[in-house]
Amino acid sequence: MATTVFVMAHKFFVQPQDPTFKTVFVGANGKPDITPGCLRDDAGDDNISDLNAYFSELTGIYWVWKNYPGQENIGVCHYRRYFSDDSLNKLTSPQLDKILEKYDLITSKDIPTEPTYRESFARAHNVADLDAVGDTIKRIYPEYGMSFDEVMAGHDQYFGNLFVMPRKLFDEYCEWMFTILMETMPAIDMTGYNAYQQRVYGFLTENLPLVYIKARRLRNYESQVVYTSEKAETSEAILAMTELLHQKKTHEAKEMLTQIISLRPEVALVTSDLRGNVEFTKQILFIKDHDEQAGKDNFFTQEYDLQKLINYYKECFLALSHLSNGDTIGDSEKKHLKDTGFDMFAANVIMSNDPSERFGRKPLDREKVAHRIGEVCIQEV
């Protein structure tokens, strides 16, 4: 059986040429097509396109559920996120079909969370909304209540409402999910929510596939996901920081980035900040602002080119990683870092916000680093 993957998009993008993929323009109500021949979530009598500001890609999923007649396997991805093989090539219909011969559905890979999923959600959104979903599930689908609690207390996280399912399972899942959302709507109070937080229903459903999988004991294949671009807001944040540093406005840049992350926390997520530049810049600005106010003279205070600062930050981290792993560090690297004023304050900031995961390395062993820190780092003045 063939698979059709519906690509949810809210703006123009370069579409995959493979016929596996069909573009769905979400939030299309009252707007011109983003690309010729695209499907629109406002087509037909049964659509929720006007709820896109609150439902995000779910308005496209709803449209497929209610309006697309095909009975093949149904996939959902985003204009910049696609299921892929380990070489980051997009999975096409024959490959997806083959996986579904052995599994009930395909999801994105689990992203483990250090806190519980509920605690992780609470850091970025109003957790009362998530609790309201749980109350609805326990009221109208009590057989799913235990699985919901298990997912909330667990450390597994899916993202983006990305999946591929046989049409029958897709219809069953959509019936379940949208019933829960519509029943929960009266309990959601969005007073004071900004445009980002108003996308609450999209956030609330990201881990519902896991609840569904656990409750029904489905076999899911966790697929690699390839990103074709960074999130636009992430790139815009870096451009803004670059310009402010060019004007030598370090403190203003630090305050602005803090505000951006507070209002739009997704810009710093691994799934949006593909190169880690927002995370690195946040630490760099913290160090740079502190050192400028302390009157220090080092690379962080002297340099205002953000890319050069990011490269230097990476050098500092790699040195700490070598110390942590017990590796030998060359004399030239030691001299370079000491000559550029790498000190204990900067080292402690990096270790406290350990970016090892961004580099695919083991977490820093702070005890080992502390034992050898004098090799690369000058002492506090």
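These legends describe close-up views of a predicted model. Local features need pLDDT of at least 70 and side-chain atom pairs count only at pLDDT 80 or more, whereas totals for chains, interfaces and linings use all residues. Residues are numbered from 1 along each chain as its sequence is written, and side-chain values use heavy atoms, with hydrogens and water left out.

**View A. Strand S1 and its burial.** Seven of the seven residues of strand S1 (residues 3–9) are buried, so the strand is largely enclosed by the rest of the structure; buried means under 20% relative accessible area with a 1.4 Å probe, protein chains only, and strands are DSSP runs of E with at least two residues, numbered from the N terminus. In a regular strand, side chains alternate between the two faces of the sheet. In S1 both faces are covered, with Thr3, Val5, Val7 and Ala9 on one side and Thr4, Phe6 and Met8 on the other.

**View B. The strand partners of S1.** S1 runs parallel to strand S4 (residues 73–78), to which six bridges join it, and Thr4 has Ile74 as its bridge partner in S4. S1 also runs parallel to strand S2 (residues 21–25), here through five bridges, and Phe21 of S2 stands opposite Val5. Two strands pair if DSSP finds at least two bridges between them.

**View C. The lining of the second largest pocket.** Lys254, Leu257, Thr258, Ile261, Lys282, Gln283, Leu285, Phe286, Val349 and Asn353 line the second largest pocket; a pocket is an open set of points on a 1 Å grid over the protein atoms alone, where a 1.4 Å probe fits, with protein on both sides within 12 Å along at least five of seven lines, and lining residues have an atom within 4 Å of a point. Helix H11 (250–263) and helix H12 (277–293) each supply at least two residues of this lining, helices being DSSP runs of H or I with at least four residues.

Notes
Buried < 20%, exposed > 50% of the residue type's maximum accessible area, 1.4 Å probe, protein only.
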